[in-house]
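Student: I would like to learn how to read strands and sheets in a model. Where do we start?

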Amino acid sequence: MSDHPGARRDGGLSNVRFVLTTPRVSSATRHCHFTNLCYLVPQPDSVNAGTFIFVYKKTSRVIGVDFQKENLLHFLDLSSVPHHTRLEMEVEVVLPVPVLNISSVNLPRQDIEYPVFIMQRLVHENLAHVLLDDLLPLFVTYERLCLGNIRKCTKALHLLLLDRPTPRDDFQSGFITRDRLTEDTLHCFDSAKAGLAKSAHFYDYGLTSELPQGSMLGNPGVDLDGGDIRRFANFIRESFHQMATDDSISATDRERFTCKNSNTSGILLIRKRNRRILNELEVLKAMSDALGSQDIRSVSLEDNSLVEIICLVSQANLLVSVHGALLSTLLFLPVDSAVVEIFPYAINASQPGLDVYRTLATLPKMNLSYRAWENSFRENSEPPEQSAHSFDGGIAHLGVEEQQRIKEVKEKVPLVPCCHNPELKYWLYQNTRVDIPSFYQTLVSAVRRSAIN
């Protein structure tokens with residue numbers, strides 16, 4: 001970023017020009033290119049993406065959009081999820097009048113000269129959403145923008161994330177990022193692109209009323225397959241290698257991105273706070289017996305870095321995990337590997353909204369063997385702690401009668417809409433003692449099927 005003192009002589013905005021190129025399509029499928037677009041960062045407690053400002057003059061050029069017929073307050077999706085109001089790009093069209101005079105409101109301006117790609121992540125704290133709903137669509141978008149030369153796009157465009165940073169953001173090292181924008185400053189971009197490819201939106205969580213929960217495969221415009229996934233996985237791994245061999249960063253950081261050769265053939269992904277596997281050693285033994293290998297280990301985000309987990313999964317033949325975001329790393333498995341997903345008691349593995357990893361593993365050309373194992377024994381289930389937050393399955397905030405009703409579920413939790421149904425979360429966050437005989441049969445079926453593939 002750099003300031004241009006001369007740009008402030010008349011308030012800094014009166015000479016702004018705007019170029020927008022896009023087909024005449026809906027906000028869900030648009031990709032746009034802006035020249036000299038300005039942005040106001042929202043307040044920390046705001047749920048919206050902030051406001052983009054376009055000063056319309058006689059010298060402005062607008063291609064592909066009719067300002068007279070279209071409401072630009074919900075103009076463009078900033079994420080891969082169509083029509084999510086919190087993630088829509090609001091473009092405020094104004095005339096060059098003193099209301100936006102910089103000096104009159106004492107608002108500093110920063111001109112951003114490098115080209116940017118603007119997006120906002122769906123749920124930036126959740127690994128599965130970052131991988132499947134943010135980075136994968138971004139990868140597909142870059143492939144199309146640069147005609148398959150993904151590195152050309154990553155070198156030419158700096159990724160600008162409008163959401164707040166997280167501890168795992170360095171995982172996105174393959175996409176060049178810049179510092180976050182500052183509050184109380186008007187940021188003006190020389191060149192900006194926005195609009196993610198919706199062809200990669202293979203699964204919808206029912207976040208809006210526009211689309212149902214479940215797989216989007218077969219819907220118009222969705223054409224993702226295993227080939228796209230494997231190119232994306234290779235890109236991420238290559239990005240790790242580039243970081244590991246980059247002499248411009250510290251030796252500690254290079255080591256952090258180094259993938260070591262592993263003889264581990266089976267990986268058990270575990271959680272230590274909730275959704276725990278209560279008989280972990282027995283599960284590891286069953287995996288060893290099914291694979292005929294002693295090279296089995298468990299890993300977790302508490303004990304292992306995300307880069308380390310991805311490197312291990314990339315070399316494994318079998319991946320086992322309780323339903324959860326970390327299972328999204330199955331996309332890094334080699335061809336003909338096996339995946340077994342563990343579901344707690346009362347949870348239907350085929351329920352729309354919960355079968356995202358089944359959908360991912362069974363994409364055309366993915367060439368993975370997937371099996372789901374459901375806990376059928378209530379006595380093998382351990383509920384969340386009484387003090388657990390509602391996001392982690394806690395129900396202490398509910399009335400006594402509602403708590404009792406939830407605890408007395410007779411069979412499966414019924415189909416419920418996304419995303420924070422207390423009954424679904426209470427059972428989904430149960431700890432599980434895996435029934436080894438039935439689990440072993442599921443393992444053998446998955447491993448045999450992978451050998452057939």
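Tutor: With pairing. Two strands pair if DSSP finds at least two bridges between them. Keep in mind that this model is predicted.

Student: How many bridges join strand 6 to strand 7?

Tutor: Strands pair through backbone hydrogen bonds, either parallel or antiparallel. Here, 4 bridges join strand 6 (residues 116-119) to strand 7, and the two run parallel. Phe117 sits opposite Leu159 of strand 7.

Student: Are the faces of strand 7 covered or open?

Tutor: Side chains in a regular strand alternate between the two faces of the sheet. In strand 7 (residues 158-161), both faces are covered. His158 and Leu160 lie on one side, Leu159 and Leu161 on the other, and all are buried.

Student: In what order do the strands of the open sheet run?

Tutor: The order is 12-11-13-14-15, five strands with parallel pairing. The edges are strand 12 (296-299) and strand 15 (369-374), each pairing on one side only. On average, neighbouring strands are turned by 15 degrees against each other, direction ignored.

Student: Which residue is the bridge partner of Val340 in strand 15?

Tutor: Arg371. Strand 14 (residues 338-343) pairs with strand 15 over 6 bridges, in the parallel sense.

Student: What does helix 7 touch?

Tutor: Helix 7 (residues 306-313) packs on the sheet and touches strand 11 (266-269), strand 12 and strand 13 (318-322). Its direction makes about 155 degrees with that of strand 12.

Student: Which helix lies in the β-α-β unit with strand 11 and strand 12?

Tutor: Helix 6 (residues 280-291), and the unit is right-handed. Strand 11 and strand 12 run parallel, joined by 4 bridges. Leu269 stands opposite Val299 in strand 12.

Technical notes: Residues are numbered from 1 along each chain as its sequence is written. This is a predicted model: local features need pLDDT of at least 70, side-chain atom pairs count only at pLDDT 80 or more; totals for chains, interfaces and linings use all residues. Side-chain values use heavy atoms; hydrogens and water are left out. Buried means under 20% relative accessible area, exposed over 50%, partly exposed in between (1.4 Å probe, protein chains only). Axes are lines fitted to C-alpha atoms, for helices over the stretch in contact, and angles run from 0 to 180 degrees between N-to-C directions. Contact means heavy atoms within 4.5 Å. A crossover is right-handed if, with the strands pointing away from the viewer, the path from the first strand over the helix to the second runs clockwise.
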